[in-house]
Amino acid sequence: AVYDAQHCIRCHALASKGNKLRPLDDIGTRRDAAAIRAAVTAADPKRPGLNARALAAKKKFAALPPAELDALVAFLAKQKKAP
């Protein structure tokens, strides 16, 4: 619900729906929950090249109520590569 409410589909894709340039279908395979949280909130030091629009969106995510941010991270962490 948080993924939909925050319009994550504008920048990312799941199940081939959304922006296919940044798919999240297997993000839970590639990153653990802490790394996902850091990426969502722009706290990831490995991502310094984000544009102003992306940084603004990530600041918005960092300001989400803790329960919503936790739910978004948990949802993304469950996105595993299909066997």
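**View 1. Tyr3, Leu24, Ile36, Val40, Leu72 and Leu76 touch the most other members of the largest nonpolar core, which has 15 residues.** A nonpolar core is a set of buried Ala, Val, Leu, Ile, Met, Phe, Trp, Tyr and Cys residues joined through side-chain atoms within 4.5 Å. Helix 1, helix 3 (33-40) and helix 5 each supply at least two residues of this core, and helix 5 gives the most, with five residues. Helices are DSSP runs (H or I, at least four residues), numbered from the N terminus. The model is predicted: local features need pLDDT of at least 70 and side-chain atom pairs count only at pLDDT 80 or more, while totals for chains, interfaces and linings use all residues. Residues are numbered from 1 along each chain as its sequence is written, and side-chain values use heavy atoms, with hydrogens and water left out.

View 2. Tyr3 is buried, with a relative accessible area of 8%; buried means under 20%, exposed over 50% and partly exposed in between (1.4 Å probe, protein chains only). Leaving aside residues up to four places away in sequence, Tyr3 touches Cys8, Ile9, His12, Ala13, Leu14, Leu24, Leu72, Phe75 and Leu76. Contact here means heavy atoms within 4.5 Å.

**View 3. The one aromatic pair found in a search of the whole structure.** The rings of Tyr3 and Phe75 are tilted, 5.6 Å centre to centre with 50° between the planes. Rings of Phe, Tyr and Trp (its six-membered ring) pair if their centres lie within 6.5 Å; planes under 30 degrees apart count as stacked, over 60 as edge-to-face and the rest as tilted. Tyr3 lies in helix 1 (residues 2-5) and Phe75 in helix 5 (residues 66-77), so the pair ties together parts that are 72 residues apart in sequence. Phe75 is partly exposed at 34% relative accessibility.

**View 4. Salt bridge between the side chains of Asp70 and Arg37 (2.7 Å, N to O).** This pair links distant parts of the chain, with Asp70 in helix 5 and Arg37 in helix 3, 33 residues apart. Asp70 is partly exposed at 39% relative accessible area, and Arg37 is partly exposed at 30%. A salt bridge is a side-chain nitrogen of Lys or Arg within 4 Å of a carboxyl oxygen of Asp or Glu.

**View 5. Salt bridge between the side chains of Arg30 and Asp26 (2.8 Å, N to O).** Arg30 is partly exposed at 47% relative accessibility, whereas Asp26 is buried at 18%. The structure holds two salt bridges.
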